[in-house]
Amino acid sequence: MNIKTITTCVFLLTLEATGATTSLFDSAGIDDVPTEENDEDNMYATFFDRVVIPARESVRRNALGEAITVSESDAATIKSGQCSEDSLTVRILEADRKLVIVGGGPAGLSAAVYAARAGLSPLIIARDGGQLEGTSDVHNYPGFDEGVDAVDLIQRLERQAERFGADRKECGVRDVDLTCRPFKVYCEDGEVITSSAVVIATGASPRWIGAEGEQELIAKGVHTCATCDGYFYRGKHAVVIGGGDTAMEQALFLARLASRVTLIHRGGVLRASKAMATRVLKHPNILILWNTSVKRFVADESTGALSSLDIETLTTMGENATSNLAVDGAFVAIGHTPNSEKFRGVRTDSKGYIYTLPGSTVTSVTGVFAAGDVQDDLYRQAITSAGTGAMAAMDAERWLCEHGC
């Protein structure tokens, strides 16, 4: 992501969410943002002063409100005062729950731990543990020097949240209405749960190519995350399937570990950015198979793990040539789909990722917070999801404290 893209994101997200368009443009106008003619060092040197700091200060002024100073002399007066029972607060207090967390992966469960410790008695609504349960062992989660089984990690987080007072309801979510208060979560079993605040932690689902054997070999040689599972293919032959930036990133990551990397792209033109595509094309350890598609993932008869791919290539003569490619691991890198479609009223980008204020989990709907991969299309790691889950719980607790007395 380049500097101009970051600049645009910070401006648009902050200004739209806070309504501070005029004041922010006055203090750091769009004309003042460094242009492409400036050298890169100068752009980075001035970026924070021109954009990031004014944007963060605008968020504090317009979204978070001003802090008050309480002294010993006026503490008793403030303590005896009545909370403001405006219509919003009244509707918030009518809910069944103070906080509902939708999603049972690292983001949702970390939010549950923090919210439960804050005395919010959160309810976790989830069908499963998310993407993490689709892998086998996790070796890059802090605290587990020998790795940890993915399902075991989820179960540990569940027990930890329940120990502090979190409740869990296992069900699919049919719909979530965020257009009126209290918020309503419609479960597939027919139950409707109202909540004062909601944490959206539903993650994102990887896109699959749909070839034979693909689903059966997930975590047995077929993966979607090189950062997570690439280490297992050190000194081996790894394949990346895709032609966009995600595929380029994964191929370059694997090229540092694997003995060789083959990039399989069904077209004749890469969809990636020029910078990413150039790095891949110039890398001596990466071979590209153009106009090629995977027809079948083949398992080894003795181990049950992936051993090869049946592929089909469109030749220059316009004919389809089939062949078999021996591989140790395959990474499907054709993107993810954020699981945000059921949350009516919250603003998302063109891909469906939920917008949050920079440096927070605050969404476009007051009292709704988003954590994990449903709002993160860049890092997509269990540890970063857990971190934003903790942030979401803390953001929710502050907001509930303001409105629930």
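Student: At what angle do helix H9 and helix H10 pack, and how far apart are their axes?

Tutor: In this predicted model, H9 (residues 245-255) and H10 (residues 274-282) pack at an angle of about 40°, and their axes are 9 Å apart.

Student: Is the crossing of H9 and H10 left-handed or right-handed?

Tutor: The crossing of H9 and H10 is left-handed. That word applies because the near helix is turned anticlockwise from the far one by less than a right angle.

Student: Which residues make the contact?

Tutor: H9 contributes Asp245, Met248, Glu249 and Leu252, while H10 contributes Met276, Ala277, Arg279 and Val280. These residues divide into five nonpolar, no polar and three charged.

Student: What makes serine 308 count as buried or exposed?

Tutor: The relative accessible area of serine 308 is 6%. Buried means under 20%, so serine 308 is buried.

Student: Where does serine 308 lie, and what does serine 308 touch?

Tutor: Serine 308 lies in strand S15. Not counting residues up to four places away in sequence, serine 308 touches Arg296, Phe297, Val298, Asn324, Leu325, Ala326 and Val327. The C-alpha atoms of serine 308 and valine 327 are separated by 5.0 Å, with the two residues 19 apart along the chain.

Student: How do you know that S14 and S15 pair?

Tutor: Seven bridges link S14 to S15 (residues 306-314), in the antiparallel sense. Pairing needs at least two bridges, so S14 and S15 count as a pair. Within S15, leucine 306 is the residue that alanine 299 stands opposite.

Student: Which sheet holds S14 and S15, and in what order do its strands come?

Tutor: The sheet is an open one of three strands, in the order S14-S15-S16, with antiparallel pairing.

Student: Why are S14 and S16 called edge strands?

Tutor: Strand S14 (292-299) and strand S16 (320-326) each pair on one side only. Neighbouring strands of this sheet are turned by 20° against each other on average, direction ignored.

Student: What makes S10 and S17 a pair?

Tutor: Two bridges join S10 to S17 (residues 329-332), and these strands run parallel. At least two bridges are required, so S10 and S17 meet the cut-off. The bridge partner of histidine 223 in S17 is phenylalanine 331.

Student: In what order do the five strands of the open sheet with parallel pairing come?

Tutor: The order is S10-S17-S11-S12-S13. Its edge strands are S10 (222-223) and S13 (286-289), each of which pairs on one side only.

Student: Which residues of the largest nonpolar core touch the most other members?

Tutor: This core has 35 residues, and Leu99, Leu132, Tyr141, Leu153, Val199 and Phe369 are the ones that touch the most other members. Elements giving two or more residues to the core are strand S1 (97-102), helix H6 (106-117), helix H7 (150-163), strand S8 (192-200) and helix H11 (382-404). A second, separate core has 22 residues, including Tyr233, Ala238, Ala251 and Ala333.

Student: What is phenylalanine 369 in contact with?

Tutor: Leaving aside neighbours within four places in sequence, the contacts of phenylalanine 369 include Ala197, Val198, Val199, Ile200, Ala392 and Trp399.

Student: How many helices and strands are in the protein?

Tutor: The protein has 11 helices and 20 strands. Of its 405 residues, 46% count as buried.

How values were computed. Residues are numbered from 1 along each chain as its sequence is written. This is a predicted model: local features need pLDDT of at least 70, side-chain atom pairs count only at pLDDT 80 or more; totals for chains, interfaces and linings use all residues. Side-chain values use heavy atoms; hydrogens and water are left out. A nonpolar core is a set of buried Ala, Val, Leu, Ile, Met, Phe, Trp, Tyr and Cys residues joined through side-chain atoms within 4.5 Å. Buried means under 20% relative accessible area, exposed over 50%, partly exposed in between (1.4 Å probe, protein chains only). Helices (H or I, at least four residues) and strands (E, at least two) are DSSP runs, numbered from the N terminus. Contact means heavy atoms within 4.5 Å. Axes are lines fitted to C-alpha atoms, for helices over the stretch in contact, and angles run from 0 to 180 degrees between N-to-C directions. Ala, Val, Leu, Ile, Met, Phe, Trp, Tyr, Cys and Pro count as nonpolar, Asp, Glu, Lys and Arg as charged, and the others, Gly among them, as polar.
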